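Subject: A structure for you to explore

Hi there,

Here is the structure I promised to pass on to you. Please open it and keep it beside you while you read my notes below.

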Amino acid sequence: MSAQFFSESESTPSAIRGLLMDRIQESELTVRMGQVLQRWIRYADESFKEWPGRDNCGYFFGGSYWYELETAYTAIVYAVVGKVGQYDETLTGLPREQLIAKAIKSLRYLCFTHDTGPEECVRVEGRNPFCSSKKWGGRGDDFFKASQTGTSINAIGYTAWFLWEDLDQETRNMIEAMLVYYADRWSDELPRNGVYFNTQCEENAWTSAGIGAAVALFPDHPRNGKWKEAAERWAINSVSTVQDATLRRPQVSTVTFHPDFTSENHAFVHPSYMMAGISLRGMYSTFNVLSGDSIAEAFLLNNEQMYAETIKKWSLLDGYPVPVQGQDWWYNRQHEALMAHALMNVQHQDSDAALLERRALDYIERIQASNSRGCMLEENGEECIVVAASFQTAVDMEFASAHSVVMAYLLHLFGGSGAAPTDSAVFQSEMNGVSYYPYGSIVTHRTNITFSSFSWRSHVMALTLPEQAMWSITPLYTSYTGEVSFAGELPSAAFNESVILQAAEERVHLYEDGFGVTASIHRGANRQMNQQIGFVSLPNGSSVYAEQIEINRNCEITRLATGVIGIRNERYTELPKLASGTKTIHTPQHSQQYKGFYGKEPNGYHAFEAASYVNVNEEIGYVTFGSQGMAYLNQHEYPKWKGVEDVLTLNLRQELHCVKGEQLPAFVVLSLPNYSVEATAATAASTSLLSVNIEKCIVLESEDFLTVIYNGNHTSAFSASKYYLPDHPIQLFEGRQIITNTTLTRYGTAAPGDAYYKRSLYSVELNQQAVSVLSKENHSLTLIVTDNHITVSNESDQEVHFTLRDKLTGISTEARLDAGLTCIFKL
């Protein structure tokens, strides 16, 4: 196939749309983003190489990456920074003319090596055999690969637009041929359908973005109307729900999001790919911003509801949403979040997005400032393997990060600053609370300085994050629920061993200020083990995880690790409080510091005896019951880089010989986000796992809360007892409690799958006389709390002295109750 440099119906190139340069508005945001891009150019320029295949050609970052993203995404940065905005040559190390010259060389390399270019012009030899010495553009590829060149085509469109007056006729012709080729190829196709496993959101959106380049640049082309209609068809089917497809919009033929506005990619709910519905469509709609055209509804549909229901609620201190079912990419993805927030800010005037955009930008600047080379991610990115099978390292994630920043930069430069950002305290108050996603199989609970979640499908896992969020604790696929290895079997996700893909009998309980979940997990190829779990998020941001394990078949377990916690251990000099390069683990017996770094040394591994508590770096504490051993993996070797990430195991068991019908000791973790070592130790001393008279019932008393988790099959009344300290206040919870001798017994009812908590609003203190009376056999004091009444019965032969205290008001009531009498106190 010879190169076709002109549109089929014309002998001269199509007229190009003009850029509205008079719309440019500098602001604090554009200055900051421009400086980020200029610092990155110094780094990117190290990779630029001339290409001898044709005159005046060159490429970046090896020149033969997937879909030619490496050169297309870098060229747009060079073109935009070379043409518009404030410029500081000391940041780039290059005069502005060189940026323009290298962007033009890149465009020509992209044109010649594209499917529309001469057959003999192929990309340079590289480490990826799928791309090395081959053309690009999608000819002969399946839909996924062929359509994915849409984002490269889109970036080429922007680059050409800014440089059009600097391009010779040959280059202009080749660019038009590329853009028309893509638009023609996909304008006759229908959008793809799918939400489970791999949403078709991004495929539909990037196809729209690719078609959009031809629509934007060539308004007078005879097929422009057809392309525009097709681009809108692909776009409106990018963020679509069953309601759109069946009830309201005839042009919607797909479902790419669940009704709760979650969506899945790589087989789990993935916020990166949910944001893609905003950002990839935004790659088209930003053309409209630059040209002054209105933005069609197809590029905005469901953005606001999806963003409000998910992305916004999950975004914490650095602007990136918590991956509530785990993360398979790298953790520092603030760049893609920046672009999504910027679009919501400018195009939807969302004040919360304006705040989150600034948070993301702040961390982008700090991370870059921590790298001497100006890179966005890792100083030693060449060593950080992201996906070995597809030859990707952290370096290959640089140009996508820069592309997100340049798109946000353009949006603000031509579209203005957007909305005034919400006050942080107001935003926090608005985001606090419980959110339930029945289709995504997730529940979340947010407070001012904590975030907890539980997922019962795709990856069955729990999270409790402190104020430092994912800079402290990471969303491991096996967070809390753990992993198991059976003798003679390789751990498999298919059998809920290495990860847990599916829970059974899940029951979700939503409360105004917390949530509770119970579930059963069958583990092993022959369901050798049943792990019955419960997770309760408490109003104060703490959480309780409990597990009870039954053995269904005789088996040999080589390793059973639960209570697994991911620990972020990065080093960035400009983030000293969050990424100092060390984490210190404290237990009652010892404190040990672990250095965080990638490579250079083998992993460090420290196994230690079970401890009543563990505190991580004064950021979060864990109080444990039933642990059989603990371990800390100080990780330096990574088959897949996501960041520097250690692993704390709170309950480690090895070489178990298990017999059918056996029940392993119950294991319970109270997680205490934002607790110091001292506070963790004090809480551990005052927390009790009560002795319960029925099976499969966990009752934990800690501080102001009584937590009940029940995995039984029948509704049952229970009693739960513990020893109490006579000289300490006794917490009173709704319902009945009896004090006798040195034992406190609490009574309640549990239905199958219950996971709930009671808050203590009152306490009682016994004086020495009362303690002496109640120490006698068959003497007791019964207290029943209902609403704002406390009924007290003295079931002894002597007067009892005590003090009732309202914990909310601090008001105390001293009382004496004669033997055998009952009195009702209204507080």
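Helices α13 and α14 cross in a left-handed way. This is a predicted model, so please read everything below as computed from it. To find the pair, look for α13 at residues 334–348 and α14 at residues 351–369. Their axes come within 8 Å and cross at roughly 150°. An angle over 145 degrees counts as roughly antiparallel, and α13 and α14 are therefore roughly antiparallel to each other.

Which residues make this contact? On the α13 side they are Q334, H335, L338, H341, A342, M344 and N345. On the α14 side you will find A353, A354, L356, E357, R358, A360, L361, Y363, I364 and I367. Sorted by class, the contact of α13 with α14 has 11 nonpolar, 4 polar and 2 charged residues.

The axes of α11 and α12 are 11 Å apart, and the two helices pack at an angle of about 140°. Angles over 145 degrees count as roughly antiparallel and 65 to 115 as roughly perpendicular, with oblique covering what falls between those two ranges; α11 and α12 are therefore oblique to each other. The crossing of α11 and α12 is left-handed. From α11, the residues P271, M274, M275, G277, I278 and R281 meet N303, M306, Y307, T310, I311 and W314 of α12. By class, the contact of α11 with α12 divides into 8 nonpolar, 3 polar and 1 charged.

Now for the salt bridges.

- R17 is partly exposed, with a relative accessible area of 22%, and D293 is partly exposed at 32%.

- E170 and R108: their side chains meet in a salt bridge of 3.0 Å, N to O. This pair also links distant parts of the chain, 62 residues apart: E170 belongs to helix α7 (residues 169–187) and R108 to helix α4 (residues 96–113). R108 has 4%, and under 20% means buried, so R108 counts as buried.

- R366 and D362: here the side chains meet in a salt bridge at 3.0 Å, N to O. Both residues lie in helix α14, 4 residues apart, which is about one turn of the helix. R366 counts as partly exposed at 34% relative accessibility, and D362 is partly exposed with a relative accessible area of 25%.

There is also a network to find: salt bridges that share partners join E28, R32 and E365.

Best wishes

Notes:
Residues are numbered from 1 along each chain as its sequence is written. This is a predicted model: local features need pLDDT of at least 70, side-chain atom pairs count only at pLDDT 80 or more; totals for chains, interfaces and linings use all residues. Side-chain values use heavy atoms; hydrogens and water are left out. Axes are lines fitted to C-alpha atoms, for helices over the stretch in contact, and angles run from 0 to 180 degrees between N-to-C directions. Angles under 35 degrees count as roughly parallel, over 145 as roughly antiparallel, 65 to 115 as roughly perpendicular and the rest as oblique. A crossing is left-handed if the near helix is turned anticlockwise from the far one by less than a right angle, and right-handed if clockwise. Contact means heavy atoms within 4.5 Å. Ala, Val, Leu, Ile, Met, Phe, Trp, Tyr, Cys and Pro count as nonpolar, Asp, Glu, Lys and Arg as charged, and the others, Gly among them, as polar. Buried means under 20% relative accessible area, exposed over 50%, partly exposed in between (1.4 Å probe, protein chains only). A salt bridge is a side-chain nitrogen of Lys or Arg within 4 Å of a carboxyl oxygen of Asp or Glu.
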